[in-house]
Every structure is written in structure tokens, then in C-alpha cells.
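I opened this entry to look up nonpolar packing and ring contacts. My notes follow the coordinates.

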Amino acid sequence: QLQLVESGGGLVQPGGSLRLSCVVSGSTLDYYAIGWFRQAPGKEREGVSCISSGGGMIKYADSVKGRFTVSRDNAKNTVDLQMNSLNPEDTAVYYCAAGRTPYSNLIYWREYEYNYWGQGTQVTVSS
């Protein structure tokens, strides 16, 4: 059983930065694609970014492209999401999720493709 724990959320001013981390335990990350999702108040959860198990394939939502960067360190079982130039529209609970895959360059974008989820971390962008 995989466990995922997000951290790094908080309150930041518009234009600021945060770095979210997702620490995974219970198994090696080598066979899991990882996704970051977010859910704003009153809205459905949406995909933010995903990264293949080998790290070679990455995808971003158009709304965060050029501002967010996802990275992973399989040796440390961690996946990070660096978020720059934050704006109030980025306010949401951010979740990381893991989906098992036999292919190192396969990315998952849909929620149902992920088997395990973290509890989420709140990001609030406000002056």
C-alpha cells in the first residue's frame, strides 16, 4: 500500500513562490507515474502537472505552463512542484497522486488513472 504526504503549502502574496513536496512511502517510486491536482473552492478537481515514472515525460495544464515545474527524485521517493509567479487563481488544495505503470515514459492525466492519493495541502495566494 502506497502512502503519499504533501507538504509545503501556505499563504503567499501574488507573485510569490512555493515549493510543494510529495513524499511517498510503502513502495519504490520507480514504477509510478505521479500527478499533481488541485481543487479550488466550489470547483472540480483539475490536473496541474504529471510526470512519468522515469521523469522523461512531463505535462502541464495551460494555466500553469511556464510558472510551475515538476521534478522527482526516485532515490528519495519524493516529487516536488515548484510554483512561481503565483496568482489568486492558484488558490486551492493541492494533491499528489500515484499511478502504477510498467512504462517509464507513460504519463497519466485523468484522475481515474491514479490509484493512490495524498490528503492535500492548502495553497492560498492573497495580499
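Which residues is methionine 83 in contact with, leaving aside its neighbours within four places in sequence? I found Gly16, Ser17, Leu18, Leu20, Arg67, Phe68, Tyr94 and Val123, where contact means heavy atoms within 4.5 Å.

Before going on, I noted that this is a predicted model, in which local features need pLDDT of at least 70 and side-chain atom pairs count only at pLDDT 80 or more, while totals for chains, interfaces and linings use all residues. Residues are numbered from 1 along each chain as its sequence is written, and side-chain values use heavy atoms, with hydrogens and water left out.

Buried is under 20% relative accessible area, exposed over 50%, and partly exposed in between, with a 1.4 Å probe and protein chains only. The core has 29 residues, and Trp36, Phe68, Val79, Leu81, Met83 and Tyr94 touch the most other members. At least two residues of this core come from each of β3 (18–25), β4 (32–39), β5 (46–51), β7 (68–73), β8 (78–83), β9 (92–100) and β11 (121–125); strands are DSSP runs (E, at least two residues), numbered from the N terminus. I also noted a second, separate core of 6 residues, among them Ala33, Phe37, Cys50 and Tyr108.

**Rings**

I counted 5 aromatic pairs. Rings of Phe, Tyr and Trp (its six-membered ring) pair if their centres lie within 6.5 Å; planes under 30 degrees apart are stacked, over 60 edge-to-face, and the rest tilted.

Phenylalanine 37 and tyrosine 114 pair edge-to-face, at 5.4 Å centre to centre and 85° between the planes. Phenylalanine 37 is in strand β4 and tyrosine 114 in the loop between β9 and β10 (116–117), 77 residues apart. Phenylalanine 37 counts as buried because its relative accessibility is 3%; tyrosine 114 is buried too, at 5%.

Phenylalanine 37 also forms a tilted pair with tryptophan 117, at 4.9 Å and 50°. Tryptophan 117 lies in strand β10, 80 residues from phenylalanine 37, and is partly exposed at 26%. Ring pairs link Phe37, Tyr108, Tyr114 and Trp117 into a cluster.

**Charges over rings**

I checked for NZ of Lys or CZ of Arg within 6 Å of a ring centre and within 35 degrees of the ring normal. Arginine 45 lies over the face of tryptophan 117, 4.0 Å from the ring centre. Lysine 59 has its charged end over the ring of tryptophan 109, 4.6 Å from the centre.

Notes. Core = buried A, V, L, I, M, F, W, Y, C linked by side-chain atoms within 4.5 Å. Helix = DSSP H or I, 4+ residues; strand = E, 2+ residues; numbered from the N terminus.
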